[in-house]
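Here is my note for a first look at this structure. Please keep the model open while reading the points in order.

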Amino acid sequence: MLRIDVLTLFPEMITGPLSQSIMGRAAEAGLVEVRAHQLRDWTHDKYRRTDDYLCGGGQGMLMKCEPIFEAVEELRQEHTKVILMTPQGRVFSQRVAEELAAPCTAGEEAHYIILCGHYEGVDQRVIDTLVDMELSIGDYILTNGAIAAVVVVDAVARLLPGALGDARSSVDESFSNGLLEAPAYTKPNVFRGMEVPAVFLSGNHKAMEEWKLEHSIERTRKNRPDLYEAWAAAHPEYFAPKKRKKTRLTSYKPRPGQEPPPPPQN
Ligand SMILES: C[S@@+](CC[C@H](N)C(=O)[O-])C[C@H]1O[C@@H](n2cnc3c(N)ncnc32)[C@H](O)[C@@H]1O
């Protein structure tokens, strides 16, 4: 069971998206429980203020310590990890999603408190004292952390055993083996003159797997050279002459100044 408490000024931005489709069904099945809390519920003044001016001056407002500390102290349990959504954090990826889902995929429980910032962010003392992990969903600035939290919850919860109908669907996807997924087709076999590649109609599963690997590598090389280079360096055996003939792979071209991958070890 994965339990996530989200602290935000906009709880509806959490509950709406996460009640739909696969996430909604995972919650109904008891695999994940997401509770969105209004951070203002931990304020004590009549304006329910969660922000204040920057010390030393400067533009914008910052989220105050008091309501955040009180909320986390009330919600936190022994094994809870507190995650702050911030553009200054570690960049979220499939690897991080797998790390966060790991206790549950091992049959244990996990509890996360996700703290969503607003305005200019949160007081540094929150980060220093309460936060276990700072996470960014990419190098751009959102107005607040709620959408970023939804991204993280969705990516983690779909990895839980039973969340997806077909367990293989999260294994064969982009990033699971360091590559992007290969092109895929459905019926009809010919649409407006565009044909499904003949290999998919051949019934030859080995040839299909080879086609998919070849196109997966080519798509990664074209769209994500960073991933391609890392994958190529880790898989020199795919570029050895005998393998190249068999799988017809694109040859690896290091960038100027970059070392070519080491020769195969066999
Ligand atoms: C306007 S942003 C604050 C940006 C901050 N002043 C800075 O320059 O790093 C307000 C809040 O949105 C959330 N946020 C914005 N962009 C994000 C991103 N790329 N990843 C995760 N959270 C983000 C964070 O919770 C952040 O505290």
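1. Start with the ligand shell. Its largest share, four residues, comes from strand β5 (residues 81-91). Strands here are DSSP runs of E with at least two residues, and helices are runs of H or I with at least four, both numbered from the N terminus. The shell has 19 residues, and M85, G117, L142, G145 and A148 come nearest to the ligand. A residue counts as near when its C-beta atom, placed from the backbone, lies within 6 Å of the molecule. By class, the shell holds eight nonpolar, ten polar and one charged residues. Ala, Val, Leu, Ile, Met, Phe, Trp, Tyr, Cys and Pro count as nonpolar, Asp, Glu, Lys and Arg as charged, and the others, Gly among them, as polar.

2. A word on the source. This is a predicted model: local features need pLDDT of at least 70, side-chain atom pairs count only at pLDDT 80 or more, and totals for chains, interfaces and linings use all residues. Residues are numbered from 1 along each chain as its sequence is written.

3. Now the overall make-up. The protein has nine helices and nine strands. Of its 266 residues, 25% are buried. Buried means 20 or more other C-beta atoms within 10 Å of the residue's own, exposed means 12 or fewer, and partly exposed lies in between, with C-beta atoms placed from the backbone. Take the contacts between residues at least 6 apart in sequence: 76% of them join residues at least 24 apart. A contact requires C-beta atoms, placed from the backbone, within 7 Å.

4. Next, strand β1 (residues 2-8). Six of its seven residues are buried. β1 pairs with strand β2 (residues 32-38) in the parallel sense, over seven bridges. Pairing requires at least two DSSP bridges between the strands. In this pair, D5 stands opposite R35 of β2. β1 also runs parallel to strand β6 (residues 110-116), with six bridges joining them. There, R3 has H111 as its bridge partner, and L7 stands opposite L115.

5. Look at β6 from its other partner. Five bridges join β5 to β6, and these strands run parallel. L84 stands opposite L115 in β6. β6 is largely enclosed by the rest of the structure, because six of its seven residues are buried.

6. Which residues touch the most other members of the largest nonpolar core? They are V6, I68, I114, L115, A149 and V153, in a core of 48 residues. Helix α6 (residues 146-157) gives this core its largest share, eight residues. A second, separate core has six residues, including L180, I217, Y228 and A232. A nonpolar core is a set of buried Ala, Val, Leu, Ile, Met, Phe, Trp, Tyr and Cys residues joined through C-beta atoms within 7 Å. In soluble globular proteins, nonpolar side chains tend to be buried together.

7. The buried residues of α6 are A146, A148, A149, V150, V152, V153, V156 and A157. Leaving aside neighbours within four places in sequence, V153 is in contact with I4, L18 and V34.

8. G121 lies in the loop between β6 and α5 (124-130). G121 counts as partly exposed because 19 other C-beta atoms lie within 10 Å. Not counting residues up to four places away in sequence, G121 touches L62, M63 and T86. G121 and G145 are 24 residues apart in sequence, and 9.2 Å apart in space, C-alpha to C-alpha.

9. Finally, the backbone points to inspect. Most residues other than glycine have a negative phi, and most peptide bonds are trans. F175 is not a glycine, yet has a positive phi of about 80°. F175 is found in the loop between α6 and β8, and is partly exposed because it has 16 C-beta neighbours inside 10 Å. R192 has a positive phi of about 50°. R192 sits in the loop between β8 and β9 (194-195), and counts as exposed because it has 5 C-beta neighbours inside 10 Å. The peptide bond from K187 to P188 is cis, with omega near 0°. P188 is in the loop between α6 and β8 (190-191).

Terms used. Two residues are in contact if their C-beta atoms, placed from the backbone, lie within 7 Å.
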